[in-house]
Amino acid sequence: MTGEAALCATGLGRRYRRNWALRDCTLELPQGRIIGLVGANGAGKTTLLHLAIGLLEPTEGTVTVFGRPAAVDQVGFVAQDHPLYSGFTVADMIRFGRSLNPRFDQAGAERRLTDLDIPLGRKAGALSGGQQAQVALTLALAKQPRLLILDEPVASLDPLARREVMRTLVDAVAESDLTVLLSSHVVAELERVCDHLVLLHQGRVRLTGDIDDLLAEHRLLTGPRTGETAPGVIAATHGERSSNLLVRQPPGVPAHPRWESHPVSLEDLVLAYLDER
Ligand SMILES: Nc1ncnc2c1ncn2[C@@H]1O[C@H](COP(=O)(O)OP(=O)(O)OP(=O)(O)O)[C@@H](O)[C@H]1O
(Lines give C-alpha, C1' and ligand atoms only; values in the text may rest on other atoms or scores of the structure.)
Protein backbone atom coordinates (compact mmCIF):
# COMPACT_ATOMS: atom_id res chain seq x y z
CA MET A 1 0.00 0.00 0.00
CA THR A 2 1.30 3.49 -0.80
CA GLY A 3 1.21 5.90 2.13
CA GLU A 4 0.40 5.17 5.74
CA ALA A 5 -2.52 2.85 6.42
CA ALA A 6 -5.54 4.37 8.20
CA LEU A 7 -5.81 1.15 10.18
CA CYS A 8 -3.31 -1.67 10.44
CA ALA A 9 -4.05 -4.91 12.29
CA THR A 10 -1.46 -7.66 12.73
CA GLY A 11 -2.45 -11.07 14.07
CA LEU A 12 -5.20 -9.33 15.99
CA GLY A 13 -7.43 -11.53 18.13
CA ARG A 14 -9.89 -11.27 20.97
CA ARG A 15 -11.17 -14.17 23.03
CA TYR A 16 -14.08 -14.35 25.45
CA ARG A 17 -13.32 -17.25 27.80
CA ARG A 18 -12.73 -20.13 25.36
CA ASN A 19 -14.38 -18.51 22.33
CA TRP A 20 -12.53 -16.38 19.84
CA ALA A 21 -14.70 -13.46 18.68
CA LEU A 22 -11.92 -12.43 16.27
CA ARG A 23 -8.80 -14.36 15.30
CA ASP A 24 -5.68 -13.91 13.12
CA CYS A 25 -6.89 -10.60 11.80
CA THR A 26 -4.25 -8.99 9.58
CA LEU A 27 -5.39 -5.97 7.59
CA GLU A 28 -4.22 -2.69 6.12
CA LEU A 29 -7.00 -0.26 5.36
CA PRO A 30 -6.24 2.58 2.93
CA GLN A 31 -6.76 6.25 3.78
CA GLY A 32 -9.36 8.55 2.28
CA ARG A 33 -11.83 5.78 1.47
CA ILE A 34 -15.20 4.50 2.62
CA ILE A 35 -14.63 0.94 3.77
CA GLY A 36 -17.49 -1.49 4.27
CA LEU A 37 -17.20 -4.15 6.98
CA VAL A 38 -19.57 -7.07 6.45
CA GLY A 39 -20.20 -10.41 8.10
CA ALA A 40 -23.05 -12.48 9.48
CA ASN A 41 -24.37 -11.89 13.01
CA GLY A 42 -21.61 -12.80 15.45
CA ALA A 43 -18.85 -12.70 12.79
CA GLY A 44 -16.75 -10.30 14.88
CA LYS A 45 -17.48 -6.89 13.33
CA THR A 46 -18.24 -5.00 16.54
CA THR A 47 -15.27 -6.70 18.20
CA LEU A 48 -12.94 -5.48 15.45
CA LEU A 49 -14.35 -1.93 15.62
CA HIS A 50 -14.07 -1.83 19.44
CA LEU A 51 -10.48 -3.08 19.26
CA ALA A 52 -9.68 -0.36 16.69
CA ILE A 53 -10.90 2.44 18.93
CA GLY A 54 -9.36 1.00 22.09
CA LEU A 55 -12.67 0.11 23.79
CA LEU A 56 -11.41 -3.49 23.97
CA GLU A 57 -7.93 -4.87 24.66
CA PRO A 58 -6.62 -7.48 22.20
CA THR A 59 -5.99 -10.97 23.54
CA GLU A 60 -3.25 -11.24 20.92
CA GLY A 61 -1.76 -9.16 18.12
CA THR A 62 -1.82 -5.40 17.58
CA VAL A 63 -3.90 -2.69 15.95
CA THR A 64 -2.77 0.82 15.06
CA VAL A 65 -4.56 3.83 13.61
CA PHE A 66 -2.39 6.08 11.46
CA GLY A 67 0.62 4.24 12.86
CA ARG A 68 -0.29 4.78 16.52
CA PRO A 69 -1.94 2.48 19.05
CA ALA A 70 -5.07 3.95 20.67
CA ALA A 71 -5.10 7.13 18.55
CA VAL A 72 -8.31 8.28 20.26
CA ASP A 73 -7.88 11.92 19.22
CA GLN A 74 -7.83 10.84 15.55
CA VAL A 75 -10.92 8.64 15.66
CA GLY A 76 -14.65 9.41 15.73
CA PHE A 77 -16.98 6.60 16.71
CA VAL A 78 -20.72 6.13 16.39
CA ALA A 79 -21.92 3.04 18.26
CA GLN A 80 -24.68 0.70 17.10
CA ASP A 81 -28.10 2.37 17.70
CA HIS A 82 -26.28 5.74 17.98
CA PRO A 83 -27.01 6.32 21.69
CA LEU A 84 -27.57 9.98 22.68
CA TYR A 85 -28.43 11.55 26.03
CA SER A 86 -32.20 11.63 25.60
CA GLY A 87 -32.80 14.44 28.15
CA PHE A 88 -30.27 16.76 26.44
CA THR A 89 -31.22 19.12 23.64
CA VAL A 90 -29.26 18.99 20.40
CA ALA A 91 -27.68 22.37 21.30
CA ASP A 92 -26.63 20.97 24.74
CA MET A 93 -24.88 18.07 23.04
CA ILE A 94 -23.08 20.38 20.66
CA ARG A 95 -21.87 22.49 23.62
CA PHE A 96 -20.84 19.31 25.44
CA GLY A 97 -18.91 18.11 22.39
CA ARG A 98 -17.14 21.45 22.10
CA SER A 99 -16.11 21.43 25.75
CA LEU A 100 -14.51 17.98 25.31
CA ASN A 101 -12.80 18.53 21.96
CA PRO A 102 -10.61 21.53 21.22
CA ARG A 103 -10.98 21.02 17.45
CA PHE A 104 -14.78 20.69 17.59
CA ASP A 105 -16.40 22.44 14.61
CA GLN A 106 -19.48 23.94 16.31
CA ALA A 107 -20.47 26.19 13.41
CA GLY A 108 -20.21 23.29 10.94
CA ALA A 109 -22.32 21.03 13.17
CA GLU A 110 -25.04 23.67 13.60
CA ARG A 111 -25.07 24.38 9.87
CA ARG A 112 -25.37 20.70 8.97
CA LEU A 113 -28.25 20.11 11.40
CA THR A 114 -30.07 23.27 10.33
CA ASP A 115 -29.73 22.17 6.68
CA LEU A 116 -31.31 18.86 7.72
CA ASP A 117 -34.20 20.72 9.46
CA ILE A 118 -33.29 19.28 12.85
CA PRO A 119 -34.31 21.78 15.58
CA LEU A 120 -31.35 22.54 17.85
CA GLY A 121 -33.67 23.17 20.81
CA ARG A 122 -35.31 19.74 20.68
CA LYS A 123 -34.44 17.02 23.19
CA ALA A 124 -32.67 14.02 21.68
CA GLY A 125 -35.36 11.67 23.05
CA ALA A 126 -37.98 13.53 20.98
CA LEU A 127 -36.14 13.09 17.66
CA SER A 128 -37.00 10.41 15.11
CA GLY A 129 -34.56 7.51 14.61
CA GLY A 130 -33.25 9.07 11.40
CA GLN A 131 -32.74 12.45 13.09
CA GLN A 132 -30.93 10.80 16.01
CA ALA A 133 -28.63 9.04 13.55
CA GLN A 134 -27.89 12.36 11.83
CA VAL A 135 -27.16 14.08 15.18
CA ALA A 136 -24.82 11.26 16.28
CA LEU A 137 -23.04 11.39 12.91
CA THR A 138 -22.80 15.20 12.98
CA LEU A 139 -21.31 15.19 16.49
CA ALA A 140 -18.74 12.58 15.42
CA LEU A 141 -17.84 14.54 12.26
CA ALA A 142 -17.54 17.81 14.22
CA LYS A 143 -14.60 16.28 16.13
CA GLN A 144 -12.86 16.41 12.74
CA PRO A 145 -11.45 12.88 13.08
CA ARG A 146 -9.13 11.37 10.47
CA LEU A 147 -10.91 8.03 10.83
CA LEU A 148 -14.64 7.74 11.46
CA ILE A 149 -15.88 4.34 12.66
CA LEU A 150 -19.59 3.57 12.46
CA ASP A 151 -21.16 0.38 13.79
CA GLU A 152 -24.27 -0.36 11.71
CA PRO A 153 -25.20 3.29 11.25
CA VAL A 154 -28.26 2.66 9.11
CA ALA A 155 -29.64 -0.58 10.56
CA SER A 156 -32.79 0.94 12.09
CA LEU A 157 -33.44 3.57 9.42
CA ASP A 158 -35.99 3.72 6.61
CA PRO A 159 -34.58 3.83 3.05
CA LEU A 160 -34.82 7.64 2.76
CA ALA A 161 -33.10 8.26 6.09
CA ARG A 162 -30.45 5.68 5.12
CA ARG A 163 -29.77 7.53 1.92
CA GLU A 164 -29.48 10.86 3.77
CA VAL A 165 -26.98 9.43 6.26
CA MET A 166 -24.92 7.87 3.49
CA ARG A 167 -24.99 11.12 1.52
CA THR A 168 -23.67 12.98 4.58
CA LEU A 169 -20.79 10.49 4.77
CA VAL A 170 -19.93 10.67 1.08
CA ASP A 171 -19.95 14.50 1.21
CA ALA A 172 -17.73 14.49 4.32
CA VAL A 173 -15.16 12.23 2.64
CA ALA A 174 -15.23 14.36 -0.53
CA GLU A 175 -14.66 17.58 1.48
CA SER A 176 -11.75 16.36 3.64
CA ASP A 177 -9.15 13.61 4.01
CA LEU A 178 -11.52 11.57 6.18
CA THR A 179 -11.47 7.75 6.10
CA VAL A 180 -14.69 5.94 7.03
CA LEU A 181 -14.98 2.36 8.28
CA LEU A 182 -18.58 1.23 8.65
CA SER A 183 -20.21 -2.08 9.37
CA SER A 184 -23.53 -2.89 7.76
CA HIS A 185 -25.81 -5.70 6.68
CA VAL A 186 -27.32 -3.52 3.94
CA VAL A 187 -25.13 -4.58 1.03
CA ALA A 188 -27.03 -2.47 -1.53
CA GLU A 189 -26.14 0.63 0.46
CA LEU A 190 -22.49 -0.42 0.71
CA GLU A 191 -22.37 -1.02 -3.03
CA ARG A 192 -23.38 2.60 -3.62
CA VAL A 193 -20.95 4.28 -1.23
CA CYS A 194 -18.02 2.00 -0.35
CA ASP A 195 -14.93 1.43 -2.45
CA HIS A 196 -13.14 -1.03 -0.17
CA LEU A 197 -14.46 -4.14 1.56
CA VAL A 198 -13.58 -6.27 4.58
CA LEU A 199 -15.59 -9.47 4.97
CA LEU A 200 -15.43 -11.40 8.24
CA HIS A 201 -16.54 -14.99 8.51
CA GLN A 202 -16.64 -16.78 11.84
CA GLY A 203 -14.19 -14.38 13.43
CA ARG A 204 -11.65 -14.38 10.60
CA VAL A 205 -10.96 -12.06 7.69
CA ARG A 206 -12.14 -14.00 4.66
CA LEU A 207 -11.94 -11.32 1.97
CA THR A 208 -10.51 -7.83 1.77
CA GLY A 209 -9.64 -5.43 -1.03
CA ASP A 210 -10.84 -2.69 -3.34
CA ILE A 211 -14.38 -3.54 -4.42
CA ASP A 212 -13.63 -2.98 -8.11
CA ASP A 213 -10.71 -5.44 -7.95
CA LEU A 214 -12.76 -8.01 -6.03
CA LEU A 215 -15.61 -7.80 -8.56
CA ALA A 216 -13.14 -8.17 -11.46
CA GLU A 217 -11.57 -11.26 -9.87
CA HIS A 218 -14.85 -13.14 -9.44
CA ARG A 219 -17.21 -14.59 -12.08
CA LEU A 220 -20.51 -16.40 -12.01
CA LEU A 221 -20.31 -19.47 -14.27
CA THR A 222 -23.44 -21.18 -15.54
CA GLY A 223 -23.29 -24.54 -17.27
CA PRO A 224 -24.46 -28.14 -17.36
CA ARG A 225 -25.05 -29.72 -13.98
CA THR A 226 -21.85 -30.99 -12.49
CA GLY A 227 -20.86 -32.68 -9.31
CA GLU A 228 -17.31 -31.51 -9.91
CA THR A 229 -15.60 -29.03 -7.70
CA ALA A 230 -12.76 -27.03 -9.10
CA PRO A 231 -10.06 -24.80 -7.67
CA GLY A 232 -11.33 -21.30 -7.02
CA VAL A 233 -14.98 -22.28 -6.55
CA ILE A 234 -16.36 -20.26 -3.64
CA ALA A 235 -20.00 -21.33 -3.88
CA ALA A 236 -22.02 -23.70 -6.05
CA THR A 237 -25.76 -24.04 -6.54
CA HIS A 238 -27.28 -26.83 -8.60
CA GLY A 239 -30.57 -27.05 -10.49
CA GLU A 240 -31.89 -30.18 -12.20
CA ARG A 241 -29.82 -29.62 -15.32
CA SER A 242 -27.55 -26.71 -14.64
CA SER A 243 -25.09 -25.53 -12.06
CA ASN A 244 -24.03 -22.03 -11.03
CA LEU A 245 -20.53 -21.58 -9.70
CA LEU A 246 -19.14 -18.44 -8.17
CA VAL A 247 -15.41 -18.63 -8.81
CA ARG A 248 -12.40 -16.53 -8.03
CA GLN A 249 -9.98 -16.36 -10.90
CA PRO A 250 -7.47 -13.79 -12.08
CA PRO A 251 -8.93 -11.39 -14.70
CA GLY A 252 -8.28 -12.50 -18.28
CA VAL A 253 -8.39 -16.25 -17.59
CA PRO A 254 -10.94 -17.66 -20.05
CA ALA A 255 -13.74 -19.78 -18.65
CA HIS A 256 -14.20 -23.33 -19.89
CA PRO A 257 -16.11 -23.16 -23.23
CA ARG A 258 -19.03 -25.14 -21.79
CA TRP A 259 -19.54 -22.48 -19.12
CA GLU A 260 -21.23 -19.15 -19.63
CA SER A 261 -19.40 -16.51 -17.64
CA HIS A 262 -21.16 -13.49 -16.06
CA PRO A 263 -19.97 -10.63 -13.90
CA VAL A 264 -20.92 -10.75 -10.22
CA SER A 265 -22.63 -8.09 -8.13
CA LEU A 266 -21.35 -7.17 -4.67
CA GLU A 267 -24.41 -8.89 -3.23
CA ASP A 268 -23.59 -12.18 -5.08
CA LEU A 269 -20.05 -11.95 -3.78
CA VAL A 270 -20.91 -11.20 -0.16
CA LEU A 271 -23.62 -13.88 -0.03
CA ALA A 272 -21.31 -16.51 -1.52
CA TYR A 273 -18.60 -15.89 1.06
CA LEU A 274 -21.07 -15.62 3.96
CA ASP A 275 -22.57 -18.96 2.96
CA GLU A 276 -19.22 -20.78 2.99
CA ARG A 277 -19.03 -23.64 5.44
N1 LIG B 1 -18.94 -9.41 25.98
C2 LIG B 1 -18.96 -10.61 25.40
N3 LIG B 1 -18.87 -11.74 26.11
C4 LIG B 1 -18.87 -12.95 25.50
N5 LIG B 1 -18.93 -13.14 24.17
C6 LIG B 1 -19.02 -12.04 23.40
C7 LIG B 1 -19.04 -10.71 23.96
N8 LIG B 1 -19.13 -9.82 22.94
C9 LIG B 1 -19.18 -10.55 21.81
N10 LIG B 1 -19.11 -11.86 22.07
C11 LIG B 1 -19.13 -12.97 21.09
O12 LIG B 1 -18.14 -12.70 20.11
C13 LIG B 1 -18.61 -13.05 18.81
C14 LIG B 1 -18.50 -11.82 17.90
O15 LIG B 1 -19.42 -10.83 18.35
P16 LIG B 1 -19.56 -9.42 17.64
O17 LIG B 1 -20.52 -8.61 18.46
O18 LIG B 1 -18.21 -8.85 17.39
O19 LIG B 1 -20.23 -9.83 16.24
P20 LIG B 1 -20.90 -8.91 15.13
O21 LIG B 1 -20.33 -9.37 13.81
O22 LIG B 1 -20.75 -7.48 15.47
O23 LIG B 1 -22.43 -9.36 15.23
P24 LIG B 1 -23.81 -8.56 14.89
O25 LIG B 1 -23.89 -8.42 13.40
O26 LIG B 1 -24.84 -9.49 15.43
O27 LIG B 1 -23.75 -7.23 15.62
C28 LIG B 1 -20.02 -13.56 18.98
O29 LIG B 1 -19.96 -14.97 19.03
C30 LIG B 1 -20.44 -13.00 20.31
O31 LIG B 1 -21.36 -13.86 20.96
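Mentor: Happy to! Let's start with a crossing: α2 passes α3 in a right-handed crossing. This is a predicted model, in which local features need pLDDT of at least 70 and side-chain atom pairs count only at pLDDT 80 or more, while totals for chains, interfaces and linings use all residues. Residues are numbered from 1 along each chain as its sequence is written.

Trainee: What makes the crossing of α2 and α3 right-handed?

Mentor: A crossing is right-handed if the near helix is turned clockwise from the far one by less than a right angle, and left-handed if anticlockwise. The passage of α2 over α3 falls in the right-handed class. Helices here are DSSP runs of H or I with at least four residues, strands are runs of E with at least two, and both are numbered from the N terminus.

Trainee: Which residues make the contact of α2 with α3?

Mentor: V90, I94 and R98 of α2 meet Q106, A109, E110 and L113 of α3. Two residues are in contact if their C-beta atoms, placed from the backbone, lie within 7 Å. By class, four are nonpolar, one is polar and two are charged. Ala, Val, Leu, Ile, Met, Phe, Trp, Tyr, Cys and Pro count as nonpolar, Asp, Glu, Lys and Arg as charged, and the others, Gly among them, as polar.

Trainee: Why is α2 called roughly antiparallel to α3?

Mentor: α2 and helix α3 (residues 106-115) pack at an angle of about 155 degrees, with axes 10 Å apart. That makes α2 roughly antiparallel to α3. Angles under 35 degrees count as roughly parallel, over 145 as roughly antiparallel, 65 to 115 as roughly perpendicular and the rest as oblique. The axes are lines fitted to C-alpha atoms, for helices over the stretch in contact, and angles run from 0 to 180 degrees between N-to-C directions.

Trainee: And what makes α2 roughly parallel to α4?

Mentor: The axes of helix α2 (residues 90-100) and helix α4 (residues 129-142) come within 10 Å and cross at roughly 20 degrees. So α2 is roughly parallel to α4. V90, M93 and G97 of α2 touch V135, L139 and A142 of α4, a contact with five nonpolar residues, one polar and no charged.

Trainee: How do α3 and α4 run, roughly parallel or roughly antiparallel?

Mentor: Their axes come within 9 Å and cross at roughly 155 degrees. Therefore α3 is roughly antiparallel to α4. The crossing of α3 and α4 is right-handed.

Trainee: How do you know that the radius of gyration agrees with a compact globule?

Mentor: The radius is taken over C-alpha atoms, and the globule rule is 2.2 Å times the number of residues to the power 0.38. For 277 residues a compact globule would have a radius near 19 Å, and the protein chain has 21 Å, which agrees.
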